[in-house]
Amino acid sequence: MERYPINEHIEIYGEDPSGRPVIIVNEEDPLDKIYNDLKTRYSFTLIRIKDLNWLDDMSPWYCKALFKGDKDCGGNALDHLKKVEMLTSFIRKKFDPCSVFIAGYSLGGLFALYAAINSDLFDGVISASGSFWYPDFIDYARKRKISDKVRYIYFSIGDKEAAVRNKILRKVEENTRLLADHYRSKGIETAFVLNKGNHFQNSKERLNEGITWILERQKPA
């Protein structure tokens, strides 16, 4: 395998990224099923960043655990973003892909949008069931200009994610809709998809749908 930056922490699915769309996903589990489902329909490269300290690497700033017994979120997203940028810059310079997208589920979906706000290396965002309950994040996102490079943003959320007792988590659907409306108002092609189920159901299927939506928009006219 080509020696990429953070090589020991990535898994690559697909052919040489040259001239193809590249999807970078921060994800703890393998993505074989998604890639195998999509490779017969689309020419693309899928890269999984693994071995994550999930609660720290995906969180933009410190957040106390919502539930007793859970760990706090450490807020190391900016440091992790620097590693993602190293990888993305290398891919862009060496292979000249037609586009690069950042994707993730749950806190990974939150990080994907955070990355596009704080970097100019991504053409779009896939946020599946993004953790947009995160304290102060909605104001943070709406007050900061997202990169001009971003052309597409895909948001999805489960239709039962708002039906929880916790008053913070209960706002996740409303917040996701607010973000979708915000980016549409900026002229970015933005999807908002309401999936069936709660936060813990069909995570790979939801990521698959978001990646499909993005790849459909990469087909030659």
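A residue counts as exposed when its relative accessible area is over 50%. By that cut-off D136 is exposed, because its relative accessible area is 60%. Keep in mind that this is a predicted model.

- Seven strands form an open sheet with mixed pairing, in the order β1-β3-β2-β4-β5-β6-β7.
- The edges belong to β1 (10–14) and β7; each has a single partner strand, so one side of each lacks a neighbour in the sheet.
- From one strand to the next, the twist averages 15°.

**Two parallel strand pairs**

- Five bridges link strand β4 (residues 99–105) with strand β5 (residues 124–128), and the pairing is parallel.
- Within this pair, G104 sits opposite S127 of β5.
- Strand β6 (residues 152–158) and strand β7 (residues 189–195) also run parallel, joined by seven bridges.
- Here Y152 has E189 in β7 as its bridge partner.
- Between β6 and β7 the chain passes through helix α6 (residues 172–185), giving a right-handed β-α-β crossover.

**Helix α6 on the sheet**

- Helix α6 packs on the sheet, where it touches β6 and β7.
- The direction of α6 makes about 160° with that of β7.

**Helices α3 and α4**

- In general, a pair of packed helices is described by the angle between their axes and the distance between the axes.
- For helix α3 (residues 77–95) and helix α4 (residues 107–118), the angle is about 75° and the axes are 11 Å apart.
- That angle makes α3 roughly perpendicular to α4, because values from 65 to 115 degrees fall in that class.
- On the α3 side, the contact involves A77, L78, H80, L81, V84 and E85.
- On the α4 side, F111, Y114, A115 and N118 take part.
- Sorted by class, the contact of α3 with α4 comprises seven nonpolar, two polar and one charged residues.

**Two loop residues with positive phi**

- D136 lies in the loop between β5 and α5 (137–143).
- The phi of D136 is near 70°, a positive value in a residue other than glycine.
- N202 is found in the loop between β7 and α7 (203–216).
- Although N202 is not a glycine, its phi is positive, at about 60°.
- With 41% relative accessibility, N202 counts as partly exposed.

Definitions and conventions. Residues are numbered from 1 along each chain as its sequence is written. This is a predicted model: local features need pLDDT of at least 70, side-chain atom pairs count only at pLDDT 80 or more; totals for chains, interfaces and linings use all residues. Side-chain values use heavy atoms; hydrogens and water are left out. Axes are lines fitted to C-alpha atoms, for helices over the stretch in contact, and angles run from 0 to 180 degrees between N-to-C directions. Helices (H or I, at least four residues) and strands (E, at least two) are DSSP runs, numbered from the N terminus. Angles under 35 degrees count as roughly parallel, over 145 as roughly antiparallel, 65 to 115 as roughly perpendicular and the rest as oblique. Contact means heavy atoms within 4.5 Å. Ala, Val, Leu, Ile, Met, Phe, Trp, Tyr, Cys and Pro count as nonpolar, Asp, Glu, Lys and Arg as charged, and the others, Gly among them, as polar. Two strands pair if DSSP finds at least two bridges between them. A crossover is right-handed if, with the strands pointing away from the viewer, the path from the first strand over the helix to the second runs clockwise. Buried means under 20% relative accessible area, exposed over 50%, partly exposed in between (1.4 Å probe, protein chains only).
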